[in-house]
Amino acid sequence: MNTYNKHYDVIVVGAGHAGCEAALAAARMGCETLIVTINLDTIAKMSCNPAIGGLAKGHLVKEVDALGGEMAKNIDKTGIQFRRLNTKKGPAVRSSRAQADKKAYQDEMKRVLEAQPKLDIKQVLVEELLVEEGRCTGILSQTKTAYFGETVILTTGTFLKGTIHIGDVSYSAGRAGESSAEKLSESFLNLGFEIGRLKTGTPPRVNAQTVDFSEMEIQPGDDDPLPFSFITEEITQPQLPCYLTYTNEGTHDIIRGNLQRSAMYSGRIVGIGPRYCPSIEDKVVRFSEKKEHQVFVEPEGRDTDEIYLNGISASLPEDVQVEMVHSIKGLENAEIMRFGYAVEYDFAPATQLQPTLETKKVPGLYFAGQLNGTTGYEEAAAQGLMAGINAALKVKGEAPLVLDRAQAYIGVLIDDLVTLDIREPYRMFTSRAEYRLALREDNADLRLTEIGRRVGLVDDTRYRQFETKAAHIETELTRLQETLLKPTAETVDNLENILKTGALKQPTSLADLLKRPELRYEHITEIAPAPEMLPSAVKEQVEIQIKYDGYIQRQQRQIHQFKKMENFRIPDTFDYAEVRGLKTEAREKLAKIRPTSIGQASRLPGVSPADISILTVILYQQRAR
């Protein structure tokens, strides 16, 4: 065994979306960092859909940005279409999504990594974790070179014993055309970790020159695209359209007639697939009453004719995929450039982790991304950022950073993973967040920038910009709350004839006026203009905070109660076996997960309110001694 001649603070294995955020965070916090990947040309590769954001996922990207991460800035530079989703619904569920130039996104992220001080990048296949006296000390490569570090973060994606399935053909690969990591899982098992098996898939890609877009519904981007990053002033690059078509009964007949040839339905795949992003075989079987399914036809970049067929992920044989694609309107003559496939891979259930993403069994070892059972670039990036932050804080001897469910979607994500013993690919939804009115996309910077500053990821320039925005919001809120509008003849005329709202009967603050459903912030400024031009983000924030004030205050009261439960800590050494009255299932779950607080304990499946009451009484008694 050879030893590399440099000792690192943080070693990151894998350079997907989790690995990139982890490595950048650690290096930016001053740690000597190494990131290793099987192939340097696939850093930040979008293995599946070339897009960032979406419902709830956009929240995660905004939070990563507010903390000082890179994903939002990267998509702002390389996006080819930007859309705001759920704009007709309340602010809690509005989300951003952007179609990416797949290759440009990769190249830009690779450039950022290469330019980052204190970050080394190497093409290395890792085969073993190095552990001394129970603590992770480094990694061993396929060429038997040892790289030593204070901490190690694993972000292996779909590469742990990855197996690709296309019809009745299977072969080892983490992605099409890329080798898998065959031996690293054995290292996990030897260390006592539990390993499971999951599955995901991807659809065929076709040549745009062979697609009849005139037969499809055009899906343009927003006229005034909203950036993801809070420091991007505007999106200046031109946008490309996407298109929408549909499967039909003929498509479904082709799939039904060949189910026995599908890798999924022939019994050759044992891993559990994503419930909320099913393959086209699954859609046809599980939703047999549906006569059609949407197919979003999305360009993969400006300088390629490759088109992604979002909605028909498949593990069918290649000849069946051709027949299936040709049965869809507008794709009758489409030439498939890459066939769809399913990929199975090993994962480690995240209940084996602390909320910091450090493993319970091996100090100094962190897991992030699909290795923890999640699906999606955004979920991976959020975990990678938090793992990188906590590994760096551990090296520095500082307290770890754990975001709770009332602070961020990132907190919801990680709490769910380490608490719920999830055995299928996990995807973020707004419905998972109990306090989603407080955890909006628009206020991610107000919630998290101070935290990013504290850990060292928000620089002076960005922080000054944040302070200016926060001051503008506070000043304008105060102005609207303190400025009274009197029911003069001119005011009554403005309100009734121009703004089409009821007249005033007594002096009313501008803030109370804005609470009227039919009025917007710009209507108020027609009556009483702000003393200076305010950025659109400030206007949006002011309007939301005033219009939803009552709901926000109610949610804050709920959060206060939640915090009391979260702050009721359970000692690490607490012995659940000694607690009389706990159900057997509750005792087993509590002993396995070892929750850090009464709040976390209350969210464990199998732990009832009665169990929590008993546990609370015992803990109070122990404190009183």
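In the protein chain, 72% of the contacts with a separation of 6 or more are between residues 24 or more positions apart, where a contact means heavy atoms within 4.5 Å. The model is a predicted one, so local features need pLDDT of at least 70 and side-chain atom pairs count only at pLDDT 80 or more, while totals for chains, interfaces and linings use all residues. Numbering runs from 1 along each chain as its sequence is written, and side-chain values use heavy atoms, with hydrogens and water left out.

### The whole chain

Start with the overall dimensions. For 625 residues, a compact globule would have a radius of gyration near 25 Å, and the 26 Å of the protein chain agrees with that. The radius is taken over C-alpha atoms, and the globule rule is 2.2 Å times the number of residues to the power 0.38. The C-alpha trace spans about 85 × 75 × 50 Å along its principal axes.

The protein chain has 20 helices and 23 strands; these are DSSP runs numbered from the N terminus, with helices being H or I of at least four residues and strands E of at least two. Buried residues make up 56% of the 625. Buried means under 20% relative accessible area, exposed means over 50%, and partly exposed is in between (1.4 Å probe, protein chains only). The chain exposes about 26300 Å², with carbon and sulfur atoms supplying 49% of it; the areas come from the Shrake-Rupley method with a 1.4 Å probe, and for residues only the protein chains shown count as cover.

### Helix α6 and its cover

Now for a closer look at one helix. Helix α6 covers residues 249-256, and T251, H252, I254 and I255 in this helix are buried. They sit on the same side of α6, because they cover an arc of only 155° around the axis. That arc is the one made by the directions from the helix axis to the C-beta atoms. As background, an α-helix has 3.6 residues a turn, so residues three or four places apart point the same way. The cover over the buried residues of α6 includes α7 (280-286) and α8 (318-326). At the start of α6, a side-chain oxygen of N248 comes to within 2.9 Å of the backbone nitrogen of G250.

A polar atom of the Q321 side chain lies 2.8 Å from the backbone nitrogen of G340. Leaving aside residues up to four places away in sequence, Q321 touches I166, P204, A314, L316, I336, F339 and G340.

### Ring pairs

A search of the whole structure finds 11 aromatic pairs. Rings of Phe, Tyr and Trp (its six-membered ring) pair if their centres lie within 6.5 Å; planes under 30 degrees apart are stacked, over 60 edge-to-face, and the rest tilted.

| Pair | Centre distance | Plane angle | Type |
|---|---|---|---|
| Y4 and Y8 | 6.5 Å | 5° | stacked |
| F568 and Y620 | 4.9 Å | 75° | edge-to-face |

F568 lies in the loop between α17 (549-566) and α18 (584-593) and Y620 in helix α20 (residues 609-624), so this pair ties together parts that are 52 residues apart in sequence. F568 is buried, with a relative accessible area of 9%, whereas Y620 is partly exposed at 49%. In the other pair, Y4 is partly exposed at 27% relative accessibility and Y8 is buried at 0%. Ring pairs also link Y4, Y8 and Y147 into a cluster.

### Backbone spots and a strand residue

N86 has a positive phi of about 60° although it is not a glycine. N86 lies in the loop between β5 (79-85) and β6 (95-100) and is partly exposed at 25% relative accessibility. K161 is not a glycine either, yet has a positive phi of about 50°. The loop between β10 (145-154) and β11 (163-166) holds K161, which is partly exposed with a relative accessible area of 28%.

Finally, S509 is in strand β23 (residues 508-509) and is buried, with a relative accessible area of 8%. The C-alpha atoms of S509 and L484 are separated by 4.2 Å, although the two residues are 25 residues apart along the chain. Not counting residues up to four places away in sequence, S509 touches L480, Q481, T483 and L484.

Definitions and conventions:
Polar contact = N/O pair within 3.5 Å; in protein donor to acceptor, adjacent residues only side chain to side chain.
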